[in-house]
Amino acid sequence: MSDLARRGAEIFTRTAKDSVAMQGFFSVAISGGSTPRRMHKMLVKHPYLAGIPWEKTHVFWADERMVPFSHPDSNYGTAKRDFLEKTPIPPAQIHPMPAWSSPETAATLYQKELERFFQLEKDKVPIFDLIFLGIGIDGHTASLFPGAKISDDRGPWLASVKGGNPNVNRLTMTYPIINQSRHVIFLVSGKEKAEVVKAIFEDKKAGLPAQRVQPKNGELSWLLDREAASLLP
Ligand code: 6PG
């Protein structure tokens, strides 16, 4: 698992440096859950803490549970404790999803935040430099759960949903924005994910949410530990 975290931290660092060199800033969206935590904690250790251009880095979320930031289920609260508060990233460059708002207004508020940051022309979709995703054993990713009526490439960038574990109201990025990213990385660990990883790679008819992550012009990478990859040939 620590090798997985290290590989994720290395890609995070390299992409941050390349993005800043290319465009003057780095935009990354992170996920919640337990898998990314070891990587997040590694980002504030040597050599990553000094290697990442934090002063030019902007952190967003792929999804969030609509609970107070102090709640243990808060993706923002967990990431803040795990790494953000230990970095020199300017607070204004941390863009939490509006967990304080109602499900009806959360998507509108975050869409405005994205429009403001990316300074988009009309009808343009934000292009993140990097998005980290996890997968659940049901094949969900972010908070895009099986059966969700979400279009692949058109429609809103964000959706308010209820479900998952914990089964709460959530705000999630949707495929139109995820699939615009320059690089999407699935970070997956543990034996309990081996079955769903096999289904995602081998059963093209499974129709799992994670299978609909197909970056249009970007890279898609899978960082799997041995257990999660154990049923692959
Ligand atoms: C969330 C996550 C979710 C997560 C998967 C995997 O907010 O719940 O974004 O999509 O990535 O459920 O979670 P684990 O890493 O805890 O297995």
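A polar contact here is a pair of N or O atoms within 3.5 Å; within protein, one must be able to donate a hydrogen and the other to accept it, and residues adjacent in sequence count only if both atoms are side-chain atoms. These legends describe a predicted model, in which local features need pLDDT of at least 70, side-chain atom pairs count only at pLDDT 80 or more, and totals for chains, interfaces and linings use all residues. Residues are numbered from 1 along each chain as its sequence is written, and side-chain values use heavy atoms, with hydrogens and water left out.

**View 1. Arg65 and its polar partner Asn75**. The side chains of Arg65 and Asn75 meet in a polar contact of 3.2 Å. Arg65 sits in strand S3 (residues 63–65); strands (E, at least two residues) and helices (H or I, at least four) are DSSP runs, numbered from the N terminus. Arg65 is buried and has no salt bridge, and the nearest side chain of opposite charge, Asp73, is 4.2 Å away. Buried means under 20% relative accessible area, exposed over 50%, and partly exposed in between (1.4 Å probe, protein chains only). A salt bridge needs a side-chain nitrogen of Lys or Arg within 4 Å of a carboxyl oxygen of Asp or Glu. For charge, Lys and Arg count as positive and Asp and Glu as negative, while His and the chain ends are not counted.

**View 2. The salt bridge of Asp82 with Arg37**. The closest N and O atoms of this pair are 2.6 Å apart. The pair connects distant parts of the chain, with Asp82 in helix H4 (residues 75–82) and Arg37 in helix H2, 45 residues apart. Asp82 is buried because its relative accessible area is 5%, whereas Arg37, at 30%, counts as partly exposed. The whole structure holds 8 salt bridges.

View 3. Lys198 is partly exposed at 29% relative accessibility, and Glu202 is partly exposed at 41%.

**View 4. The salt bridge between Lys122 and Asp123**. Here the closest N and O atoms are 3.7 Å apart. Lys122 is exposed, with a relative accessible area of 72%, and Asp123 is exposed too, at 69%.

**View 5. A cis peptide bond between His46 and Pro47**. Omega is about 0° at this bond. Pro47 lies in the loop between H2 and helix H3 (48–51).

**View 6. A cis peptide bond between Asn165 and Pro166**. Omega is about 5° for this pair. Look for Pro166 in the loop between strand S5 (158–163) and strand S6 (168–173). As background, most peptide bonds are trans, and most residues other than glycine have a negative phi.

**View 7. Positive phi at Gln119 and Ala142**. Gln119, which is not a glycine, has a phi near 45°. Gln119 belongs to the loop between helix H5 (103–118) and strand S4 (130–133), and is exposed because its relative accessible area is 69%. Ala142 has a positive phi of about 50° and lies in the loop between S4 and S5. At 7% relative accessibility, Ala142 is buried.
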